Amino acid sequence: MTATYELIGNKYKTLGFNNIANTLRELIEFAESQELSFLQFAELIATKEIERRNENRKKLYLKKAKFPAIKTLEEFDFSYQTTIKKKQIISLLDFTWIDNRDNLVFYGPSGIGKSHLGIALGVKAIDKGYKVLFINSNNLMEELDLAGMKNLLKQKIKSFCKYDLLIFDEMGYLPWQKKSVFNFFQLINSLYEHRSVIITTNKPFSEWGEFFIDETAATAIIDRIIHHCHIFPMSGESYRLKMQLDKQNSGGNL
Ligand code: ADP
Ligand code: MG
């Protein structure tokens, strides 16, 4: 009997159905104990394989997304961050904005949950099957500059275009060189109406000219970003500060 399981298991392996191959005995025992019909058993096998492939895909996409940490919407405290409504974020979970190539901008001071929301939406997008990449804006600038120096900017931009959603974190914290702004413009131009971008920034668009040095380039970049865009202005006290104060207060009470 074991030899038969092995033989059939190998056939499933040949088809690339490794999960079925490895769990064949349990699946058959389950089907027998539940007295499943042939039709139900056929469905069970397909469902199990789809589930496993989906799990593997999610794991792979999460790894490729390069999130600095996993953040979820479930752990986001909307009663602390009140300048953005839970309803607004929940309404984004149908991901029509990605299908329509719309962008999102989370704008506000440090520590108020901009990156958290960007990552959490990215994680949900991966659940739905979208490919996501998270990148800090200064790293993005360096990657584009390096590619530019090697005459590989086009290829680099092409590699970014493979993702459905790109999250550019912390735009505007440091000033950029003119060359970097030009490279970024090329990227934004390629992504425009083709891919979705989430931008987190502490600077209003009116101040982007400062870190992009060049007002004209900044305007051209902003135009493309905001043409199809949902902008979320946020404010409030830093959550990091709150955590620190909570810790100190609970320490003081001990
Ligand atoms: P920002 O990007 O706006 O500077 P972050 O998203 O990095 O801020 O948030 C700082 C830290 O505080 C992170 O660890 C994040 O998970 C947490 N945080 C911020 N806002 C909230 C919130 N409303 N609920 C739960 N955690 C939050
Ligand atoms: Mg941040």
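In this predicted model, five strands line up in an open sheet, in the order S2-S3-S4-S1-S5, and their pairing is parallel. The two edge positions go to strand S2 (132-136) and strand S5 (229-233). Each of these has just a single partner strand, so one side of each is left without a neighbour in the sheet. Going from one strand to the next, the twist averages 10 degrees.

Further in, strand S3 (residues 165-171) sits alongside strand S4 (residues 196-201), and five bridges link them in the parallel sense. As one point of reference in this pairing, leucine 165 stands opposite serine 196 in S4.

Next come the helices that lie across these strands. Helix H6 (residues 114-127) lies across S2, S3 and S4 as well as strand S1 (103-107), and runs at about 155 degrees to S1. Helix H7 (residues 137-149), for its part, lies across S2 and S3, at about 95 degrees to S2.

H7 also meets another helix. Two packed helices are described by the angle between their axes and the distance between the axes. For H7 and helix H9 (residues 178-191), the axes come within 9 Å and cross at roughly 95 degrees. Angles of 65 to 115 degrees count as roughly perpendicular, and H7 and H9 are therefore roughly perpendicular to each other. On the H7 side, the contact is made by Leu140, Met141, Leu144 and Asp145; H9 brings in Lys179, Ser180, Asn183, Phe184 and Leu187.

Technical notes: Residues numbered from 1 in each chain as written. Chains lettered and ligands numbered in written order. Predicted model: local features only at pLDDT ≥ 70, side-chain atom pairs only at ≥ 80, totals over all residues. Heavy atoms only, no water. Pairing = 2+ DSSP bridges. Helix = DSSP H or I, 4+ residues; strand = E, 2+ residues; numbered from the N terminus. Axes fitted to C-alpha atoms, helices over the stretch in contact; angles between N-to-C directions. Contact = heavy atoms within 4.5 Å. Parallel < 35°, antiparallel > 145°, perpendicular 65-115°, else oblique.
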